[in-house]
Amino acid sequence: MNKTELVATVAEVSGKPKADVKEVLEALLGQIIKTVKSGEEVSLVGFGTFKSAERAARTGRNPATGKEIKILASIQPKFVAGKMFKDAVNGK
């Protein structure tokens, strides 16, 4: 399911116009990104937690040439699924 399909499905289920659902979804995603970028977590109880994790610099290899390359340190976004979400996916 892509973003357009998600908006259409939520609009159908909620009875709200697609434009309103799209606006709310984009605002929600924008706020999650802004919060995680600032180093904070967004926790949706039962669904999961969005957070960031630092990744140290390291040495890797170019798979085509085998030559060593330096991979810079970075901050990676992470999502940890909550119990309710995991149970729903596993049919519990």
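## Exercises on sheet pairing and aromatic contacts

Strand E2, which covers residues 48-55, runs antiparallel to E1 and is joined to E1 by three bridges. The model examined in these exercises is predicted.

**Exercise 1.** Determine in which order the strands of the open sheet are arranged, and which strands lie at its edges.

*Solution.* Finally, helix H2, spanning residues 18-37, lies across E1 and E2 and runs at about 40 degrees to E2.

**Exercise 2.** Classify the ring pair of Phe47 and Phe79 and the ring pair of Phe79 and Phe85.

*Solution.* The structure holds four aromatic pairs. For Phe47 and Phe79, the ring centres are 5.5 Å apart and the planes stand at 50 degrees, so this pair is tilted. The two residues are 32 residues apart in the chain, Phe47 being in the loop between E1 and E2 and Phe79 in strand E5. For Phe79 and Phe85, the centres are 6.3 Å apart with planes at 65 degrees, and because planes over 60 degrees apart count as edge-to-face, that is the class of this pair.

**Exercise 3.** Decide whether Phe47 is buried or exposed, or in between.

*Solution.* The relative accessibility of Phe47 is 34%, so Phe47 counts as partly exposed.

Note on methods: Residues are numbered from 1 along each chain as its sequence is written. This is a predicted model: local features need pLDDT of at least 70, side-chain atom pairs count only at pLDDT 80 or more; totals for chains, interfaces and linings use all residues. Side-chain values use heavy atoms; hydrogens and water are left out. Two strands pair if DSSP finds at least two bridges between them. Helices (H or I, at least four residues) and strands (E, at least two) are DSSP runs, numbered from the N terminus. Contact means heavy atoms within 4.5 Å. Axes are lines fitted to C-alpha atoms, for helices over the stretch in contact, and angles run from 0 to 180 degrees between N-to-C directions. Rings of Phe, Tyr and Trp (its six-membered ring) pair if their centres lie within 6.5 Å; planes under 30 degrees apart count as stacked, over 60 as edge-to-face and the rest as tilted. Buried means under 20% relative accessible area, exposed over 50%, partly exposed in between (1.4 Å probe, protein chains only).
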